[in-house]
Amino acid sequence: MTEQLALDGPEVGLHLAIFIEPFLSAVLDGRKTIESRFGVHRRPPYNSVRPNDYILLKRSGGPVVGLVQAGATDFYQLSPTVLADLRDRFAEQLFATDDEFWDSRSEKQYATLIELEDPTEIEPFTVPKKDRQGWVTFERAGDLAPLLV
């Protein structure tokens, strides 16, 4: 997949997603097939990730260790009804069946759901990142593609 990223060049988006355990391992081994990001504000990946974009998987406090390609992407403005519907429809694929996960998102206003395709472990590498953002969107894949080949 990393070779394909280099070939896709500027036509594809590139994102950096920060993960904690057990979610990172669940993505890499295929148990988590949809990624969700919830927020009070419309910040990336809301309306910034598209099908076929690439997502680098970074361990929180550690290196980038994986890569996935975005499948279908959906964006939601949340209400209690919409949040309950998302839970009913996607909890298993989100690897989020516990009440704590959903309760902690009850005050959020926006949600992004991204189908994760072809999870691939890659040779770990570091990226200079010091902020606490859980998601970074790069202008185009060409910005980082040389690091992945």
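Author: What follows takes the pocket, then the rings, then some backbone details.

This is a predicted model, so local features need pLDDT of at least 70 and side-chain atom pairs count only at pLDDT 80 or more, while totals for chains, interfaces and linings use all residues. Residues are numbered from 1 along each chain as its sequence is written, and side-chain values use heavy atoms, with hydrogens and water left out.

Along the sequence the pattern reads α-β-α-β-β-β-α-α-β-β-α. Of the 149 residues, 46% count as buried. Buried means under 20% relative accessible area, exposed means over 50%, and partly exposed lies in between (1.4 Å probe, protein chains only).

Two or more lining residues come from each of strand 1 (14-19), strand 2 (34-39), helix 4 (99-103), strand 5 (110-125) and strand 6 (135-138). Strand 2 gives the most, with 5 residues.

By class, the lining has 15 nonpolar, 10 polar and 13 charged residues. Ala, Val, Leu, Ile, Met, Phe, Trp, Tyr, Cys and Pro count as nonpolar, Asp, Glu, Lys and Arg as charged, and the others, Gly among them, as polar.

Phe38 leads on to the rings. Ring pairs link Phe38 with Phe23, Phe95, Phe101 and Trp102 in a cluster. Rings of Phe, Tyr and Trp (its six-membered ring) pair if their centres lie within 6.5 Å; planes under 30 degrees apart are stacked, over 60 edge-to-face, and the rest tilted. The count comes to 7 aromatic pairs. Phe23 and Phe95 are edge-to-face, because their centres are 6.2 Å apart and their planes stand at 85°. Phe23 lies in helix 2 (residues 23-28) and Phe95 in the loop between helix 3 (80-94) and helix 4, so this pair ties together parts 72 residues apart in sequence. Phe101 and Trp102 are also edge-to-face, at 5.0 Å centre to centre and 75° between the planes. Phe23 is partly exposed at 22%, and so is Phe95 at 28%. Phe101 is buried at 9%, and Trp102 is buried at 3%.

Last, the backbone. Most residues other than glycine have a negative phi, and most peptide bonds are trans. Glu21 and Pro22 are joined by a cis bond, with omega about 10°. Pro22 sits in the loop between strand 1 and helix 2. The bond from Pro44 to Pro45 is cis too, with omega near 15°. Pro45 belongs to the loop between strand 2 and strand 3 (54-59). Asn47 lies in the loop between strand 2 and strand 3, with a positive phi near 60°.

Methods: Helices (H or I, at least four residues) and strands (E, at least two) are DSSP runs, numbered from the N terminus.
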